Amino acid sequence: MIDSLFNGASWADAWRIIESEFLLATWETIYVTILSTAFAIIIGLPLGVLLVAGEKNGVLPLPAGLMKALNVIVNILRSVPFLILMILVFPLTRLVVGTVVGTPASIVPLVIAAFPFIARLVEGSLREVNPNTIEMAQSLGASPMQIIIRVMIPESVPSLISNGTIAITTILGYSAMSGIIGGGGLGKIAINYGYYRYKYVVMFAAVILLVVLVQVFQSLGTKMAIRSDKRLKH
Amino acid sequence: MIEIRNLTKTFRSSTEGIEYVEALKNVSITINDGDIFGIIGMSGAGKSTLVRCINMLERPTDGTVLIDGVDLKKLSEKELRAARKNVTMIFQGFNLLMQRTCLKNITFPLELIGTPKAEARRRAMELLELVGLPDKAGAYPAQLSGGQQQRIAIARALATDPKILLCDEATSALDPATTSSILQLIKEINEKTGITVVVITHQMSVVEDICNRVAILDGGVVAEQGDVREVFSHPSSAAGRRLVYPESADNESPIIGGSNQKFLRIVFEGAASANAPLIADMAIDVGVRANIAAASTKQIGDHAYASLVLGVDSYSDLEKALEYLNSKPDVSAKEVHIND
């Protein structure tokens, strides 16, 4: 592996591949990550809210059996390794996208893997809201929905943003893994050229780009979380 | 008017071996419109539970709470939420929304009832003026001091023009100077708008400063209630004496006196009587020789009070002393039983 890094021919070869394929691959990685995160938030955010609000002492108590079921489902989905999950959801992927390979098809398993994760992150964020603040809203006549929408979520925005950053960087990592089932992006390049064709320079270049992307998302997210937090005196 | 009738609240206990804890036992209190009513007691006396039963944040186990004749227990969730616009609350920890500006905190209760934005804003600016913070509209709570935060909380509680304001240890987290300015504000608002205020506190000084009536809560039971001056100058219950005369000896027996002595408490209300040689006069005029068993002085509102516990040797001496002392202006005397 190390040898190829000192081989002039492999550098020229790698540069040719990088030039012709990396722009598209980077774009695919970004759009798959953002789209998957967006869909996962659409499912995971309300689910996370239910996990907190639906508790016995929550603002919108739900039947204990339903809460138990929600928790079990989240835990099961969270415990299946992503590689296995991609294969397990093939029928669903085929139903939604029409095919199980390719970039759009990789979004389905990513969403399935990410929404329970996001639900747990949202749950954690909402639990940070001071119960006294919720009592205050109740004392002023707020309904359960008003408490959720006007108190719990807005009060935990900084925490939601930093947890969202954790989610998007994790999903970025998963999206690279989906290169195995033909999902496009930097992951596919790393696997196809590096693992199958021993072009390690290409693989390293892909990995470096993934690292840079994670860095960018993380520092943007951290900055936004801090900027949004009005508890800090700016 | 708030009528609390035979209110009982039991909680399931988390302590092993005890299944239920009675936080409130058969509490009956009537609070009139425009009162500043103090509910005072040690921690664990049930004060916070009691105030939360008034707006049904806690459902009473038994008994009723009538607000202007309406039994809150019988209201549906929706009706109850509507009723809460009239019975708002401020808290020890202020409980402001930290991610909203002060202005947006004050408009919060108005948003809940769908008040148009411009109108809510206008009302909030009015209230900011009322609580003395007109320049803090755009500030966030974290940028304010504790006293300022409580002022914003008061403005928020007043936004829907409630008839009743519940204050749950509202000044307990504040320093003495800030406490008195917040109490002054509450009193001003009470005088200006006639709002009924219920003040929960463990601090005597809070009740002395602003309340006209008081109930002393002890172990979930109302030990006594009435006019503040009356209750504080002649506490009739052991709990009352513990609060009013924390340093006086008469709630710890024996006091300095013989075990077969009778005891009476004299309360002086005003400087004239405090200057008179009352005990010497009593010995000369009616021949009762008394020893001083305990003594304390106290400032209640704008009145100075001194309290003495005297010991006399016989029941007939006690009767003579009571009759003599009660005939003096600004002096009142009552028999006290040391061990109750």
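Me: Is B:Met56 buried or exposed?

Reply: This is a predicted model in which local features need pLDDT of at least 70 and side-chain atom pairs count only at pLDDT 80 or more, whereas totals for chains, interfaces and linings use all residues. Residues are numbered from 1 along each chain as its sequence is written, with chains lettered from A and ligands numbered from 1 in the order in which they are written. With C-beta atoms placed from the backbone, a residue is buried if 20 or more other C-beta atoms lie within 10 Å of its own, exposed if 12 or fewer, and partly exposed in between. B:Met56 has 21 other C-beta atoms within 10 Å, and therefore it is buried.

Me: How many residues of helix H1 (residues 47-54) of chain B are buried?

Reply: The buried residues of H1(B) include B:Lys47, B:Arg52 and B:Ser48, as well as B:Leu50, B:Val51 and B:Ile54. Helix H1 of chain B is mostly covered, and its count of buried residues is eight of eight.

Me: Which strand of chain B holds B:Asn26?

Reply: B:Asn26 has a positive phi near 50° and is a residue other than glycine. It is partly exposed because 14 other C-beta atoms lie within 10 Å. The element that holds B:Asn26 is strand E2 (residues 20-31) of chain B.

Me: How far apart in space are B:His337 and B:Ala238, C-alpha to C-alpha?

Reply: B:His337 lies in the segment after strand E14 (331-336) of chain B. It counts as exposed because it has 10 C-beta neighbours inside 10 Å. B:His337 and B:Ala238 are 99 residues apart in sequence, and their C-alpha separation in space is 9.6 Å.

Me: At what angle do helix H3 (residues 102-112) and helix H4 (residues 117-130) of chain B pack?

Reply: Axes are lines fitted to C-alpha atoms, for helices over the stretch in contact, and angles run from 0 to 180 degrees between N-to-C directions. The axes of H3(B) and H4(B) are 9 Å apart, and the angle is about 125°. That makes H3(B) oblique to H4(B), since angles under 35 degrees count as roughly parallel, over 145 as roughly antiparallel, 65 to 115 as roughly perpendicular and the rest as oblique. The angle asked for is about 125°.

Me: What is the handedness of the crossing of H3(B) and H4(B)?

Reply: Two residues are in contact if their C-beta atoms, placed from the backbone, lie within 7 Å; those in H3(B) include B:Leu103 and B:Ile106, and those in H4(B) include B:Ala124 and B:Leu127. A crossing is left-handed if the near helix is turned anticlockwise from the far one by less than a right angle, and right-handed if clockwise. The crossing of H3(B) and H4(B) is right-handed.

Me: How many nonpolar residues are in the contact of H11(B) with H12(B)?

Reply: Helix H11 (residues 278-286) and helix H12 (residues 315-326) of chain B pack at about 115°, with axes 11 Å apart. B:Met282, B:Asp285 and B:Val286 meet B:Lys320, B:Ala321, B:Tyr324 and B:Leu325. Ala, Val, Leu, Ile, Met, Phe, Trp, Tyr, Cys and Pro count as nonpolar, Asp, Glu, Lys and Arg as charged, and the others, Gly among them, as polar. The contact has no polar residues, two charged residues, and a nonpolar count of five.

Me: Which helix gives the most to the side of chain A that touches chain B?

Reply: Chain A has eleven helices and zero strands. Its contact with chain B takes 20 residues from chain A and 21 residues from chain B. Helix H7 (131-139) and helix H8 (144-155) of chain A each supply at least two residues of that side of chain A. The helix that gives the most, with six residues, is H7(A).

Technical notes: Helix = DSSP H or I, 4+ residues; strand = E, 2+ residues; numbered from the N terminus.
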